[in-house]
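User: I have a structure open and I'd like to go through it with you. Could you take my questions as they come?
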Amino acid sequence: MNTDMNRIGISASGRKNYVFSSMCLLIILLAMTLNDLPVQAFLGTLGASPMWVASAVIFMLFLVHNKFCLYLDKYSRLFMIYFLLTFSISLIQCFWFYIAEGTILNSYGVSVLSKHIFASSYYFFYFLTIYCAGYAIRAVSRKFLNKAVILIAFFMTLIIAIEFVAPDVLAPFHLSMEGYGVGSRQRLLSPEPSIAAFTFNIFLLLAITLSNVNLVRLILWGALLAGNMLIGSKSSLVLIMFGGLLVFYFNMTLIQKLKSLFALIPVAGIVIYIVMYTVLPALMVDIENFTSVSTRLITSLWAVCSLFYYPLGEGYGTYTAWFVHPLEAAIRIGNSLTPFSLNLSEINDMIDTGNYLSAKSGILFSVIHSGFMAVIFYFIVFRNAFRDVRQTNAGYYQKILLRITLWYSLLSILFAVNMEVLYTFLLPFIVVNYLKTNS
């Protein structure tokens, strides 16, 4: 298997297949915006997005075209290695569970082996997606990439407007529109507002980064603020602001920081106003009910405790049987840390039924599955992305926005959103890799 993309003359083949590669890339970008399709009622969570079909078909077409040689770039190689490594270790854990317990079924009557295959499939399709997008994008022009991302950004802005005015129009793209009428929190084509906000913000931030027209940038900034207010995600704008602050302090000289203050001060003022009058009132509801705060705190502590109980992870399948001790430790620690009594109703329901048993963030759930391997993997992937930004020939402000986008993505999947079908988190890596490769 040759992993050197620079030796295969991909530019020449790209010229011959420009239209095909462009279509493949556009299909992948559109599929990233759809993650609440009703077919998940039959296919499970994986069916919530069409990406599994799109990536598998495009992957096979590329594979046949390349005579079954797999040409990997840096990021697709990392995702492939991580998938194979964690899949293998988790499979061994399933066999160990069978030997120790004398059964392949967990306490809920579900096969840990089938759970292993299903849960690990997410990383398999992450690999297919980032490979196909990275391969297709090498055959298209920078101009097409810019237009494609900007087009999707305006498409998502249009979706927010349609859902706000006539939410029933988008009902076929959701399992249920119950509770999301006119004037309530918008969720675009996602199952919940937090995932909608993440998908929307990633596309808008990258569209602003790639646009060369000041008027378009201004319109997109306005759409970003208005869209987040309509979605009503309590964390999205705060995490973007934190991303900006991290870039401000870690990636700039003193003179650059002083120059950037002129842009940061008015933006920070708008964000603070939104936080005071939108985010805090919504957050107070959560705190009064305790459920959301309690669940996120306890499941986050569960991931941390799991590192000490199971350094190689609880396994993609066996976590449904081995979660008890780490989760009990997390509940004890959570109760000792908070001045109020935690509401354990949602946690208890997870334990009793096994339904929705997971951490409430993508990276932390990966830590539960794969332990320190997940920590190392995400450290390497994001470290490479930040280094690649530095090595691109992008402009000064484009680099700032790329770094903000990466920080926002990292903070979101670490603290705020699940990742099962959230393929949008791969997009910053795809764009950064393209910009670095073509620098």
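User: Which backbone atom lies 3.4 Å from a polar atom of the side chain of T424?
Analyst: That is the backbone oxygen of M32, which lies 3.4 Å from a polar atom of the T424 side chain. A polar contact is a pair of N or O atoms within 3.5 Å, where within protein one must be able to donate a hydrogen and the other to accept it, and residues adjacent in sequence count only if both atoms are side-chain atoms. Please keep in mind that this is a predicted model, in which local features need pLDDT of at least 70 and side-chain atom pairs count only at pLDDT 80 or more, while totals for chains, interfaces and linings use all residues. Residues are numbered from 1 along each chain as its sequence is written, and side-chain values use heavy atoms, with hydrogens and water left out.

User: Is T424 buried or exposed?
Analyst: T424 counts as buried because its relative accessibility is 0%; buried means under 20% relative accessible area, exposed over 50%, and partly exposed in between, using a 1.4 Å probe and protein chains only. T424 is found in the loop between helix 18 and helix 19, where helices (H or I, at least four residues) and strands (E, at least two) are DSSP runs numbered from the N terminus.

User: And what does T424 touch?
Analyst: Not counting residues up to four places away in sequence, T424 touches M32, F198, T199, I202 and F203. Contact here means heavy atoms within 4.5 Å.

User: How far apart are the C-alpha atoms of T33 and T424?
Analyst: They are separated by 7.5 Å, although T33 and T424 are 391 residues apart along the chain. T33 sits in the loop between helix 2 (18-32) and helix 3 (40-43), and T33 is buried because its relative accessible area is 3%. The side chain of T33 reaches the backbone oxygen of L30 at 2.6 Å, and, leaving aside neighbours within four places in sequence, T33 is in contact with I152, F155, M156, L189, T199 and F203.

User: OK, another pair: how far apart are Q93 and G313?
Analyst: Q93 and G313 are 220 residues apart in sequence, and their C-alpha atoms are 9.5 Å apart in space. Q93 lies in helix 5 and counts as buried because its relative accessibility is 12%. The Q93 side chain reaches the backbone nitrogen of G315 at 3.4 Å, and, beyond its neighbours within four places in sequence, Q93 is in contact with residues including L312, G313, E314 and W322.

User: Zooming out, how many helices and strands does the protein have?
Analyst: The protein has 19 helices and zero strands. Of its 439 residues, 52% count as buried, and among contacts between residues at least 6 apart in sequence, 76% join residues at least 24 apart.

User: What about helix 17, how many residues does it have?
Analyst: Helix 17 (residues 372-391) has 20 residues and reaches 29 Å from its first C-alpha to its last, close to the 28 Å expected at 1.5 Å a residue, where the expected span is 1.5 Å times one less than the number of residues. Its buried residues include M373, F377, Y378, N384 and D388, and what covers the buried residues of helix 17 includes helix 5 (74-101), helix 6, helix 16, helix 18 (396-415) and helix 19 (427-437).

User: Now cavities: what volume does the largest one have?
Analyst: The largest cavity has a volume of about 140 Å³. It is lined by 14 residues, of which Y123, Y126, F365, S366 and H369 lie nearest its centre. Helix 6 (112-137) and helix 16 (362-370) are the elements that give two or more residues to that lining.

User: How is a cavity defined?
Analyst: On a 1 Å grid over the protein atoms alone, a cavity is a set of points where a 1.4 Å probe fits but cannot get out, and lining residues have an atom within 4 Å of a point. Grid points are joined across faces, edges and corners, and a volume is the space filled by probe spheres set on the points.

User: Last one, what is the phi of F68?
Analyst: F68 has a positive phi of about 65 degrees although it is not a glycine. F68 is in the loop between helix 4 (51-65) and helix 5, and F68 counts as exposed because its relative accessibility is 58%. L188 also has a positive phi, of about 50 degrees, and is not a glycine, but L188 is buried, with a relative accessible area of 2%.

Methods
On a 1 Å grid over the protein atoms alone, a cavity is a set of points where a 1.4 Å probe fits but cannot get out, and a pocket is an open set with protein on both sides within 12 Å along at least five of seven lines; lining residues have an atom within 4 Å of a point.
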